[in-house]
Each structure stands twice: as structure tokens, then as C-alpha cells.
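Trainee: I am new to this structure. Could we look at it together and go through the words used for it?

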Amino acid sequence: MKRILIMGSTGSIGTQALEIIRKNRDRFSVCGLTCRSRIETLKQQIREFAPEAVSVGSAEDAAMLQREFPGLTVCFGEDGLVEIAKMDCDIVLNSLMGISGLAPTYTAIGLGRDIALANKETLVAGGAIVTQLCREKGSRLLPVDSEHSAIFQCLEGNGGSACARAYADPDSSLYRPVRRILLTASGGPFRGRSLEEMRNVTIEQALNHPKWSMGSKITIDSATMMNKGLEVIEARWLFDVPADKIDVHVHPESIVHSMVEFCDGSVIAQMGMTDMKIPISLALSYPDRMKLLADFADGYGCDDPLSRSSDGSLDLFTTGARLTFEKPDRKVFRCIDLAYEALKEGGAAPVVMNGANEELVAMFLAGKIGFLDIPQTIEKVMDKSSFPAPKTVEEILETDRRSREMAKEMLV
Ligand code: MN
């Protein structure tokens, strides 16, 4: 029985993880849950899964929950997330949004826990110190991001699964058969558009992702393709592969979830339905695989009906068996190159890019700025800032705060 702590349990990844756990009560128990503000959903989850501890966003909600569930340990705020990350468990599923995922992940890794990582910002901002701590403590990072789960699966049995092998082996360069990572991208809702055509897009248009149903922050990141930029950085740290060996391939069908090219020229791809339950379940049950098809044959909201046959399996005949690949338009989707530049520059640059992006996406979702203000302002903040390289979680969070301030000031 694996004890699972789910951070961000009321979001898209968290609720799908609980659907899987609901059908597999003999394998998993839920020891802790966290959410920021969806308290009614959290209450239902507490009644159904009976965790020992929860953490919520505000002190008021915490007090209310404590009255309703006297036996439950209830924490709140950023400190609450770090506190609950210390609880005894086998896996922490980190599906928090944004930089808030960093400190609790770092705390859990410090205690030797395995992390099922859906929160890519943890690695974008803290990749160096997080992977270093994983090596020291023997913690595994099990990717939940669909592309990184795909890469992880392609590497399995090919001498290079960084998560399972290299982190335990400090000299991971001993055997590196990986020549290139082919990171796929759906292209988002604005694939094929010109900059001019994107100038006046609405929040609703940007939130209308063609393939995946996700939280609003990551959906906007997909529309700007910053999501792919963040994923390049995530892959660099997860698999210890330099940025110039990571190639973004736009693949609108989203059937191939990423590929790995090996030194002998062989390319291994992982394919499947656009269903986040596949990477979530693999991260939770690794190294085993679970019988998802039997449990979820009728499908859920985020599935693409075109690729799902009546028994729930991938049906390449109904998709027309046409898988296409194209180069991303790097002039229109500037965020991809901003991420490569941040990775190349190193130091504070990825933290600055990530912090500015998070602030600007929130401002766009609040209707305060236009869509193209997001990439343009990130670039300005990256150009103007000269923060020293942060070396601790505290310094990363401080650099994040100052980058957000800069982004806001530039738009006044
Ligand atoms: Mn992804």
C-alpha cells in the first residue's frame, strides 16, 4: 500500500489522481491533501479519502475545516504546504500551480521522498538545487507532465532513465546513449497564426486548447508556447540532457507524446490518448503499470474522441492514421527561444523568465493586459534584470518576487 500526499488535490491533475486512487484502494491510500480555495471540493475529498492532514490557502478556511473535522490536522498558507510536505508518505504528487510548488517539493526531497512531479516550475526555477538534493537523498523525480513521462518511458531499458538511474548514480555520464530528445507540442490554439492575428485574442480564445483540458495558467502557457519553453528546461534537468539536444516538434494530433533518438540512430516514441491519467498512474504505480483501460473505458473530459475507440484504447484508424510534424514558428512563439536563452544564460535567468511569466499570465487572465504583452514583457524583464544567481530556495523565491515586480512596473 503506497501512501500518497496530493498537493493541489482539487485541480485537474489532483482530481484525476483521486479518480485513479478511487478505483485502486488496495494499492493506494491518501495521507494528505492540499488546495488553495476550492474548499467545498476539498471537503468531499476529505470525507471520501479520509486523509490525516490537509493544508488550505487561508487561516479562515483552516479554522472552519478544523471545526468540521476535529480529528484532522489542518495547516494553511505557504508555511502549511511546507509543513504538510514533511508528513510520512511514499510519494508526493506535486500538482501545485507555479513557483508555490518549489519549497514543499524541496522539503519532501530533503526527507528522501519520491516526487510525482506535475509542477514544472519547480524544475524551471530550482532545477540545479532540486536535482542535486535528489542525488544526495536518493529521491526519484517521476514525471507527470505527459511529454516527460513519454521521454521517461522511452529511456526505460535503454540505459538512460535519469529519474530511476542517474539520480542514484552521481556519475551519470558513464553511459549516455541519448543523442537527442524530440519534445512534441500540440501547438496550442493559435498554431499557424501570425503575430498580427494574435494581437487582439481574447481570454476565452486563449483558454480554448484544442487537445488538453487543463488549469488556466498552463493553458495560457500553451497558447503562448511558453509551456513548451518551460518543458525544455524541465527536460534538461529531469534527463540531464543539454538544451541543444532538445528539439521541439509541433505535432497537432498529440498522439506521439515525445521521442528519444539514440546514438545508433534508433528513435523510440511513446504514443497514447491525450489522457493525463496515463502519466499520472505511471508515476504513482512505477515501476508497475495499471489497468486504466478497463477502469476508464468511457473516457473523461480531456479525452480526444477522435483517437479513442469504443473500448477506450487508442484507435489509429479513426484518427486517419495521419501523424504530422512541423517546426514551431519561433518568431511568432517567441517564448520558446526565450526559454532556450534563459537556459543558456543560466543563473537567475530561468527564475526571472518564470516569475515574469507567472505574473503576466495572471494579469492577462484578469483582463489587465493583452496577449502579446506576455512574451514582450518577459523579454524586457529578462533584458533589464541582472540578479545574482540564486543558490537556495529562499534566494530563488526572492528573485521570483523581484522579477514579478519588474514585470508589473513595465506595464504601468
Ligand atoms: Mn506537457
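Mentor: M225 lies in the loop between α11 (216–224) and α12 (226–239). This is a predicted model, where local features need pLDDT of at least 70, side-chain atom pairs count only at pLDDT 80 or more, and totals for chains, interfaces and linings use all residues. Residues are numbered from 1 along each chain as its sequence is written, and side-chain values use heavy atoms, with hydrogens and water left out.

Trainee: Why is M225 called buried?

Mentor: Buried means under 20% relative accessible area, exposed over 50%, and partly exposed in between (1.4 Å probe, protein chains only). M225 has a relative accessible area of 3%, so M225 is buried.

Trainee: What is the phi of M225?

Mentor: Phi is positive there, about 65°, although M225 is not a glycine.

Trainee: Why does S258 count as buried?

Mentor: Its relative accessibility is 0%, so S258 counts as buried. S258 also has a positive phi, near 155°, and is a residue other than glycine.

Trainee: Where does S258 lie?

Mentor: In strand β10, residues 256–262. Strands (E, at least two residues) and helices (H or I, at least four) are DSSP runs, numbered from the N terminus.

Trainee: What makes helix α13 mostly covered?

Mentor: Eight of the nine residues in α13 (277–285) are buried, among them K277, P279 and L284.

Trainee: Which peptide bond is cis?

Mentor: The one from Y286 to P287, with omega near 10°. You will find P287 in the loop between α13 and α14 (292–295).
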